[in-house]
Amino acid sequence: MTENSIGVAVIGVGMVGRAHAAGYRTAGSLFSVDRPDTRLVAIADAYEPFAVDAAKRFGYERAETSWEAIVDAPDVDVVSVAVANSMHREVVEALLGAGKHVLCEKPLAPSVEDAKAMVAAAEAATTHAGIGFTFRRAPGINAIREQVMQGSIGETRHFNGHYWCNYAQDASNPISWRYRGGPGSGALADIGSHMIDIGEFICGPMTSVSGAIFQTFTPERPVPVGMTVGHAGGEVSDEMEAVDNEDIATFTARFANGSVGTFSISRVAPGHANSLAFDLFAETGAAKWDMDRPAEFSVIRQLRDDGLDGYNQVLVGPAHPYLKGGVPMDFPGVSFGVGDLFGFQLRAFLEQVAGIEGGLPPVATFQDGARDLTIIDAVIRSAAAGGAVVDLPPHHAA
Ligand SMILES: NC(=O)c1ccc[n+]([C@@H]2O[C@H](COP(=O)([O-])OP(=O)(O)OC[C@H]3O[C@@H](n4cnc5c(N)ncnc54)[C@H](O)[C@@H]3O)[C@@H](O)[C@H]2O)c1
């Protein structure tokens, strides 16, 4: 670490990279003053206006226009990688090779093969490597997981998750890296990767997937005139390019503990800008969480026989994971949103790098990222085989 403090950088500030840039700023102010000393060093983006804007806006020392500049920077120790999935492996391997700590966005890679190579690179490195399964930091999701772990709703039986977005609804929205790659690289890898991870986070390892269906409704999209950002639209040309991947992916799953999973993933769901939600039905109760209302969750802890069964609506507060000290006003019903998850995630990663013990749970590993892709690959094979059952290898979380 340079001068006893951790120098941080973000590569790619299109959409989610900006949340990382902001997250490193807030990470130091969370939970306790026993914090890693952090320097906001550099933002890199191939599109210079984005790099310059984000560096100014979030208070970083400089803007760069290539990721290689971050690999070579002696004053950078920790790097968030927030570029297109197809670039993750090359950038991450170079960063690890240069002795940087790396937090890579999900999905870890475009293929299981690339992901396994990245796991090997992380194992060979002396630095930390993690993946941005951001929803593992959601207080409501963690509160539900605690109920499961404590046995207060009994054995889980049915996990029903959906991640519905509308970003691909408009057929005139431009082509981007999100629409390239084969079956499974569309809605499934882009947003379903989160839902799969949450399913295993709550119910433990899956043993098989089945019944997979993919569907694409917009087979080609216009080429943009300028830059595209995240899911957003923009000015387009008359030229069209083929869409390679699915708008909708659905599948079922079995978990090792006997639970059944039903997953519904869509990027063409009108009325749902970014709607991740799940219901969990268990032996003696139930629970549910919805990103549209991230500061609350619902739970039934004991079934009754007096006709008054129903969900308790619980506002997340200091009694739940991440909230105490995690937001400036840590009271139920005050000041919490999904953007806070990035601060929690980056605080956890900085604590790992600084060797601070007893703090937040560590970030998900590259093995977890490769596991997620193994499940995605099984869903792809199920869809290709008309919905056949595809068994999964066991997962040994690091
Ligand atoms: N955890 C989450 O909630 C979450 C949310 C959105 C996206 N993501 C993931 O984050 C990654 C980025 O997604 P996005 O939507 O922000 O993408 P994006 O297309 O909006 O942004 C990517 C940025 O990378 C830049 N870039 C391209 N080539 C580059 C290079 N050679 N060097 C430096 N920068 C370069 C582009 O100019 C662009 O600004 C993806 O892996 C995506 O799956 C995660």
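The model is predicted, with local features needing pLDDT of at least 70 and side-chain atom pairs counting only at pLDDT 80 or more, while totals for chains, interfaces and linings use all residues. Residues are numbered from 1 along each chain as its sequence is written.

Start with the big picture. The protein chain is split into domain 1 (2-134) and domain 2 (138-334 + 371-384), with bounds that come from an automatic or database domain assignment. Their centres, taken over C-alpha atoms, sit 25 Å apart. Each side puts 17 residues into the contact, which counts C-beta atoms, placed from the backbone, within 7 Å. On the domain 1 side, that's 12 nonpolar, four polar and one charged. Here Ala, Val, Leu, Ile, Met, Phe, Trp, Tyr, Cys and Pro count as nonpolar, Asp, Glu, Lys and Arg as charged, and the others, Gly among them, as polar.

Now for the ligand. Both domain 1 and domain 2 give residues to its shell, so the ligand lies between them. The shell holds 25 residues, the closest being Gly 12, Gly 14, Met 15, Ala 46 and Glu 105; to belong, a residue needs its C-beta atom, placed from the backbone, within 6 Å. By class, the shell has 13 nonpolar, eight polar and four charged residues.

Finally, look at helix α6, residues 139-150. Helices are DSSP runs (H or I, at least four residues), numbered from the N terminus. Just after α6, Gly 151 takes a positive phi of about 75 degrees.

Conventions
Helix = DSSP H or I, 4+ residues; strand = E, 2+ residues; numbered from the N terminus. Expected span 1.5 Å × (residues − 1). Contact = placed C-beta atoms within 7 Å.
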